[in-house]
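Subject: Structure handover

Hello,

Here is the structure I said I would pass on. Please look through it first; my notes follow below.

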Amino acid sequence: MHENQNFNTLSIQQSDKDYFFHPWTDFSSFYEDGCHVITRGEGFHVFDSDGKKYIDGLAGIWCVNIGHGNTEMVDAIADQLKRLAYYATFFHLTNPVAVGLAAKLAEIAPSHLNHSFFENGGSMANETAIRMVHFYWNRRGQPSKRHIISRVNSYHGSTFLTGTLTGILEDHDGFTMLDGMIHYVSSPYVYRRPDGVTTEEFCTTLVQELEDKINELGPENVACYIAEPIQGAGGVIVPPDGYHRRCEAICRKYDVLYIADEVITGFGRLGHFFTSEDMFDTKPDIITTAKAISSAYMPLSATLISDEIHEVLKQPRAPGQLLTHGFTYSGHPGCCAAGLKNIEILARDRILENVLDLGPVFSDLMAKELGGLPIVGDVRGVHFVQCIEIVADRTTKEIFAPEVRVGDRVTGHCRARGLLARPLGHLVVLSPPLILTRDVIAEMVQILRDSVKATMDDLLREGLWKG
Ligand code: PLP
């Protein structure tokens with residue numbers, strides 16, 4: 001549709017620097033390098049303002065699961081916007097698409113999660129979850145249950161509350177965080193577990209740490225525990241077998257609510273609509289989800305709440321007294337139309353099956369092609385979330401100094417070869433759209449391998465690595 005559109009890259013970059021205050025930006029290089037201007041997407045490809053085509057190894061930020069430029073999706077959204085672009089869902093108002101999506105989510109989510117609250121992003125979904133948890137305990141006459149246990153290396157969002165829930169502790173630097181209410185236990189970072197400790201022993205230590213933390217705070221003071229099934233932005237950290245199930249058991253033992261943040265893992269990236277029950281054998285009290293719930297065609301998120309919690313939340317207060325939480329765009333018709341169509345496409349086009357079929361191929365290729373390279377310390381991931389951890393020394397697991405920007409170097413080489421990959425400090429992440437074929441997975445992995453090798457050559461030449 002826009003194939004021949006011409007862009008003036010330099011002019012866009014200049015205005016970008018002048019006026020667009022970007023999220024998550026490294027201002028030590030932003031003004032010098034300028035941004036890469038993406039102008040178009042088609043399937044699993046995106047194009048930049050110079051017309052260059054790339055394999056989208058990111059799906060945006062883990063979210064465009066059905067791929068770009070899906071006209072069926074665009075038409076569904078446009079049809080809805082023409083019919084009803086917006087109406088409130090406050091004051092006992094509703095609309096058919098929000099109702100339809102809530103019912104659909106109840107159908108595909110674990111059977112006890114039948115009540116969806118809608119927002120427009122993952123941070124807001126987690127914000128809602130925590131507010132509802134507090135409201136729940138207050139209503140049950142246990143207001144001391146207000147403390148929250150999160151984990152090191154977790155990412156839960158960028159609002160005041162969710163920024164503090166986030167356990168990537170270096171991201172707190174420079175900000176004022178919420179004091180005293182949020183506590184962190186260790187990350188299930190198997191690659192960096194203590195020397196001489198087996199994965200099983202490590203898992204037991206982590207579960208014990210959670211129990212100890214609850215006891216230290218006093219179970220009567222702990223409202224909930226929140227965990228991503230796989231820690232995404234914190235480094236694609238895949239927990240040991242049984243870890244989530246055992247953590248959930250600890251939560252049950254002490255009457256601590258369990259929130260699963262499925263903002264990345266929901267809607268197919270691991271081959272399931274939701275992974276908590278299907279992959280990790282847990283039954284969270286609340287699941288939060290966003291991103292691929294609409295494949296990011298419209299900003300949508302949902303907080304799925306258990307029947308038991310909903311039963312308490314819905315008890316009337318004094319006549320006329322409301323449950324005072326909600327957003328103007330909760331249940332936005334256009335966003336919910338995108339959510340419904342997305343679920344239809346994922347199911348009808350057997351996209352989850354594609355992930356289950358090709359995920360193991362992707363993992364095996366990553367291990368085979370990248371695992372032996374001298375600066376690759378670890379290759380990890382599940383299905384369509386894969387990552388390499390780059391180290392200067394594979395024996396000591398020592399990393400390169402941050403100023404070497406080793407992740408940026410690798411992704412720069414990927415970009416030159418036609419692949420967009422995500423640098424995450426010294427890690428490189430791939431989380432492509434779920435419609436990738438076997439051939440394209442192989443091509444992507446090959447590009448990543450060539451890019452790591454090119455980076456090794458650069459580092460040697462510049463005297464930054466001993467080889
Ligand atoms: N939770 C997880 C696991 C995420 O990965 C993210 C974003 O990457 C969020 C929450 C926050 O979502 P948003 O950026 O839509 O607010």
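Leaving out residues up to four places away in sequence, H156 touches G122, S123, N126, S150, T162, L165, T166, I226, A227, E228 and D261. Please keep in mind that this is a predicted model. H156 sits in the loop that runs between β5 (147-151) and α7 (160-165). Is H156 buried or exposed? Its relative accessible area is 2%, and the cut-off for buried is under 20%, so H156 counts as buried. Its side chain makes a polar contact with the side chain of D261 at 2.8 Å, and another with the side chain of S154 at 3.5 Å. L419 lies 263 residues from H156 along the chain, and the C-alpha atoms of the two are separated by 27 Å.

Next, the domains. The assignment for the protein chain gives domain 1 as 36-66 + 350-461 and domain 2 as 72-348. In the contact between them, 34 residues come from domain 1 and 31 residues from domain 2. The centres of domain 1 and domain 2, taken over C-alpha atoms, are 27 Å apart.

The size of an interface is often given as the accessible area lost when the parts come together. For domain 1 and domain 2 the buried area is about 2,600 Å², and carbon and sulfur atoms give 63% of it.

As for polar features, 17 residue pairs are in polar contact across the interface of domain 1 and domain 2. One salt bridge is found across this interface. There is a salt bridge between E389 and R192, with the closest N and O atoms 2.8 Å apart. On the side of domain 1 that touches domain 2, the elements that each supply at least two residues are α3 (59-62), α12 (351-370), β11 (376-382), β12 (385-390), β14 (422-424) and β15 (427-430). Of the elements on that side, β11 gives the most, with five residues.

Strand β1 (residues 38-42) pairs with β2 in the antiparallel sense over four bridges, and G41 stands opposite V46 in β2. The hairpin of β1 and β2 has two residues between the strands, and G43 there takes a positive phi near 65°. β2 also pairs with strand β3 (residues 53-56), again in the antiparallel sense, over three bridges. Here H45 stands opposite I55 in β3. The hairpin of β2 and β3 has four residues between the strands, and G51 in the turn has a positive phi of about 85°.

In a regular strand the side chains alternate between the two faces of the sheet. What covers strand β2 (residues 45-48) on its faces can be read from burial: H45 and F47 on one side are buried, and V46 and D48 on the other are buried too, so both faces are covered.

Last, D458 is found in helix α14 (residues 438-461). With a relative accessible area of 13%, D458 is buried. The side chain of D458 makes a polar contact with the side chain of R461 at 2.9 Å. Leaving aside neighbours within four places in sequence, D458 is in contact with R409 and H413.

Regards

Definitions and conventions:
Residues are numbered from 1 along each chain as its sequence is written. This is a predicted model: local features need pLDDT of at least 70, side-chain atom pairs count only at pLDDT 80 or more; totals for chains, interfaces and linings use all residues. Side-chain values use heavy atoms; hydrogens and water are left out. Buried means under 20% relative accessible area, exposed over 50%, partly exposed in between (1.4 Å probe, protein chains only). Two strands pair if DSSP finds at least two bridges between them. Domain bounds come from an automatic or database domain assignment. Contact means heavy atoms within 4.5 Å. Buried area is the accessible area (1.4 Å probe) that two parts lose on being put together, summed over both. A salt bridge is a side-chain nitrogen of Lys or Arg within 4 Å of a carboxyl oxygen of Asp or Glu. A polar contact is a pair of N or O atoms within 3.5 Å; within protein, one must be able to donate a hydrogen and the other to accept it, and residues adjacent in sequence count only if both atoms are side-chain atoms.
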